Amino acid sequence: MPSTFHEIPRTRPSTPLLDSINDTAALRGISEDLLPVLADELRLFLLWSVSQTGGHFGAGLGVIELTVALHYIYHTPEDRLVWDVGHQAYPHKILTGRRELMHTLRQKDGLAAFPRRSESPYDTFGVGHSSTSISAALGMAIASRMQHQDRRTVAVIGDGALTAGMAFEALNHASDVEADMLVVLNDNDMSISRNVGGLSNYLAKILSSRTYSHMREGSKKVLSKIPQAWELARKTEEHAKGMLVPGTLFEELGWNYIGPIDGHDLPTLVTTLRNMRERKGPQFLHVVTQKGKGFSPAEADPIGYHAITKLEPKPKVTSAGTLPKPKFSAVFGQWLCDMAAQDPRLVGITPAMKEGSDLIAFSERYPERYFDVAIAEQHAVTLAAGMACEGAKPVVAIYSTFLQRAYDQLVHDVAVQNLDVLFAIDRAGLVGEDGPTHAGSFDLSYLRCLPNMLIMAPADENETRQMLTTGFLHEGPAAVRYPRGTGPGVAIEPELDTLPIGKGVVTRQGGKVAILCFGTLHANASLAAEALDATVANMRFVKPLDEALVRELAASHDLLVTVEENALMGGAGSAVNEFLAAEGILKPVLNLGLPDRYVEHAKPEEMLVECGLDAAGIERAIRSRQAATPAPAVNQA
C-alpha cells in the first residue's frame, strides 16, 4: 500500500526513480516490483510541486497508482488515454515528459491546469468541463476502427462526473456500436459502492481474465442453441454478479463490468488492466480511490484540499485593523441567507458548486430549501423552471462557463415561458490560472439575445447585493453576473434594497470622452478617466439598456467608449452600437472588451493587461483613438 506523508516538503525531494522516467516508454521499461517505489516518489514530488505553484491537489493524490498502472499497461500515447475534467491529471503530466516544467503550472506561458492537446501528444483531449471523457473516447475508438488502427482507448471518469446525463448517453451509444474501449470509473467518494476488499479484488482478476472470457464466450455459443438454457445461464450470471458486485446497471447498458477494486493496490490494478486491455467490446472497470490518498491532512479534509494555493515562504503581513475584502461569491452567499429569511418561497439550486458558489451557510440553515443536483446543469435549470411554475422563487447559483451547458434549457424552459428564475452567475469574465475553459467570456452575448431576460452587471460588492434583490423580486427571468475573487472593497449595506430597472448612473463628470462601463471594470475605467478627464457612467444594466443615458452622453461628448469583461461580439458594447444605429445617432464609439480569441491562463491582473482592460490599457486605447479621429465640426447627435 502507498506510503503516507504528513507534511509537504519545503525543498525538492529526492526521487531518483521518477527522475529517470521522461516518457512512458521508460516507465514500461522498469520491473513491475518497482512500481510501488515509483508511486511513492510520484506522490512526494506532486506534494512538493503543487505547493510551489498552487493548483488542484486532492484528486491527483488519489490517482497516483491508477496513473502509473494505466501508463504501464497501455502503450500511450499510441493508445489513447482521456481524462475527465482534468483535476486529477497532474501525475499524468509528470510522467509524460513535463516533470521539469511543473514549476510553470497555471502561470503565464506555462503548463495548463488541465490536459491540453497543444501541450503534449499524451493529452489526447482538451478538458475543463466534466463528463466529456466517455463521448470523446468513444469517438476516438470509432475513428480508430474506421482507420483499421490497432490502438486501445481508455476514458477515466469520476463518480461525480458520472452523474451527468451526457456520460450515460455515451455509455448507451458505445454498447450499441460495440466499441472496443475501456471506461475506468474513479470512485473517490464511495457514492456507488463500499464493496472493496480481498474478495472483490480476487473476483476482478478472475472476471477480467482471458480464461474466464473464453469460457463465457464458449458457453454462450453452445447454450445459445438452446434458448431456455442460455436464458437461465444469463440470469444466473447476472444474479451472481449482482450479489457480489454493483455492476448490474452497467451490464444492462451492455458493458462488461469489473470491480470494484482497490485503486491504490498496484498489483491488482496492473493485473486487471493487463487482462482488460486484450478484451474486445465495451469494458468497464470500477476502482475505488481516496481523494488526497497518501497525505494525511488531505485524507482528513478532501474538500478543503481539493485545491491549494502556493505555499509562501513567509506569512503575508496586512495593515493593522484592515479587514479582508469579501469575495463576490461570499456577498452572494450572505444575500441568499438574508433573502431566504424574508421570503419562504426562495429555494437555492446548484450543480455541484456548493463550496465554489458559497452556498454552505444556506445549505446548513435551510436544508429543505437547498438542492445540489450534482454535475447536471441542464437539470438544474429545468428543475428551477418547474419550481417557478408552482410559485417557488428559485435562485440558480452557477458558473458562467457551466451555464453554457444548459443554454437550451435557459431558452426553452425559462425564457420562453417567462418564469421567475434568478441566475446568480459566478466567475463572469476572466478567471485567471484555470484558463479559457473556465472563463466566463460569453454570458452577456448569449443572454442578451434572449427575450424576457433582465441582465445586470454590478460595479462593486454592494451593487451585487442590490442587483440580486432586484432580480429576485423581478417578475420573469433575471441574471446577475459577477467575477471571481474580490471587488473594490466598498461598504455593503445590510438592507435588501432594489435598483430602478434599466437605469445607469454617472459616477464622474468629465470632458469630451464618456466611458460607459458594464461591471467591475468600472474601477479601472475610473482610474483611466482621471488621467483623461473623461466622464464615467456605471451602466449597471445590460438589458434593458439605459437608452436615455446613452442618448444624453452621445449628445454631450465627442467619443463614447464601452468597457466590459465579455467578448466584444454581441456583448454590452454591441447593445450600445445597435441602439445608436437604430436611432440614427452618428457618434464615434470605441468598444473595449475581450478579444476574439481564447485568453490563456495567467494571473487575473496579467490577463487584464494582455487584453488592454487595466487602467493603463483603457487610457492608452482611448488616447490612440482620439489621435486617429479628428474632432467633429458639429455635434451630430
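**Contacts and ring pairs**

Mentor: In this predicted model, Thr153 touches Arg80, Ala137, Met140, Ala141, Met181 and Leu182, leaving aside residues up to four places away in sequence.

Trainee: Is Thr153 buried or exposed?
Mentor: Thr153 belongs to strand S3, residues 153-158. Buried means under 20% relative accessible area. Thr153 has 2% relative accessibility, so the residue counts as buried.

Trainee: How do the rings of Phe328 and Tyr482 pair: stacked or edge-to-face?
Mentor: The structure holds 14 aromatic pairs. In the pair of Phe328 and Tyr482, the ring centres are 6.4 Å apart and the planes are at 25°. Planes under 30 degrees apart count as stacked. The pair of Phe328 and Tyr482 is therefore stacked.

Trainee: How many residues apart are Phe328 and Tyr482 in the chain?
Mentor: Phe328 is in helix H15 (residues 328-342), whereas Tyr482 is in the loop between strand S13 (478-481) and strand S14 (505-508). The pair thus links distant parts of the chain, and its two members are separated by 154 residues.

Trainee: Which residue has its charged end over the ring of Phe472?
Mentor: Phe472 belongs to a cluster linked by ring pairs, together with Phe328, Phe332, Trp335 and Tyr482. A charged end sits over the ring of Phe472, 5.1 Å from its centre, and it is that of Lys393.

Trainee: Over the face of which residue does Arg369 lie?
Mentor: The distance from Arg369 to the ring centre is 4.7 Å. The ring in question is that of Tyr366.

Note on methods:
Residues are numbered from 1 along each chain as its sequence is written. This is a predicted model: local features need pLDDT of at least 70, side-chain atom pairs count only at pLDDT 80 or more; totals for chains, interfaces and linings use all residues. Side-chain values use heavy atoms; hydrogens and water are left out. Rings of Phe, Tyr and Trp (its six-membered ring) pair if their centres lie within 6.5 Å; planes under 30 degrees apart count as stacked, over 60 as edge-to-face and the rest as tilted. Helices (H or I, at least four residues) and strands (E, at least two) are DSSP runs, numbered from the N terminus. A charge sits over a ring if NZ of Lys or CZ of Arg is within 6 Å of the ring centre and within 35 degrees of the ring normal. Buried means under 20% relative accessible area, exposed over 50%, partly exposed in between (1.4 Å probe, protein chains only). Contact means heavy atoms within 4.5 Å.
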